[in-house]
Amino acid sequence: MQIRISWPAGSITASLDASTPTAQALAKALPLASTASTWGEEVYFDTGVSVSRETDARQVVEPGTVAFWTEGDSLALPYGPTPISHDGECRLASPCNILGSLDGDAGLLATVRAGDPIRVELIED
């Protein structure tokens, strides 16, 4: 499953594992519009989707991971260190469900500003 995430200064696509319950719930909610927040080198935003934490949820992830923060009903898109990272890792606020990864350079997310409108849509095959 592929999605497109757009904001005023750009857009990026992501490939998600369609077999996860969280990805399925997110797909049903698309397209969606939200407002960006930033936390260090992470962009996150509310999705209006509420799901439980999955058994393989992780807190430390690779840059470009598409994660779902269950405590905030938000997509979390880390592209570098956050305020609680150690040694340059991508450490999320708490364990998150892992949905997939961004296609291309996750550093594009550096152009997202807090308060930017965000749109997420499913890319049809």
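## Surroundings of Ala23

Beyond its neighbours within four places in sequence, Ala23 makes contact with Met1, Asp17, Ala18 and Leu99. In this predicted model, Ala23 belongs to helix H1, which spans residues 21-29. Ala23 has a relative accessibility of 0% and is therefore classed as buried, the cut-off being under 20%.

In soluble globular proteins, nonpolar side chains tend to be buried together. The largest nonpolar core here comprises 27 residues, and Ile5, Phe45 and Leu102 have the most contacts inside it. At least two residues of this core come from each of several elements, including helix H1, strand E1 (2-7), strand E2 (10-16), strand E5 (42-46) and strand E9 (90-102). Strands E7 (65-69), E8 (74-78) and E10 (117-123) likewise supply at least two residues each. A separate core of seven residues lies apart from the largest one, with Val61, Leu92, Cys96 and Ile98 among its members.

For Leu102, with neighbours within four places in sequence left aside, the contacts are Ile5, Ile12, Thr13, Ala14, Gly64, Val66, Leu77 and Leu109. Ile5, one of these contacts, is also among the residues with the most contacts inside the largest core.

## Annotated domain

An unreviewed UniProt entry assigns the feature "domain: Cyclophilin TM1367-like" to residues 1-121. Across residues 1-121, the chain is 46% strand and 7% helix.

Notes: Residues numbered from 1 in each chain as written. Predicted model: local features only at pLDDT ≥ 70, side-chain atom pairs only at ≥ 80, totals over all residues. Heavy atoms only, no water. Helix = DSSP H or I, 4+ residues; strand = E, 2+ residues; numbered from the N terminus. Buried < 20%, exposed > 50% of the residue type's maximum accessible area, 1.4 Å probe, protein only. Contact = heavy atoms within 4.5 Å. Core = buried A, V, L, I, M, F, W, Y, C linked by side-chain atoms within 4.5 Å. UniProt positions renumbered as here; feature names shortened; annotations may be inferred.
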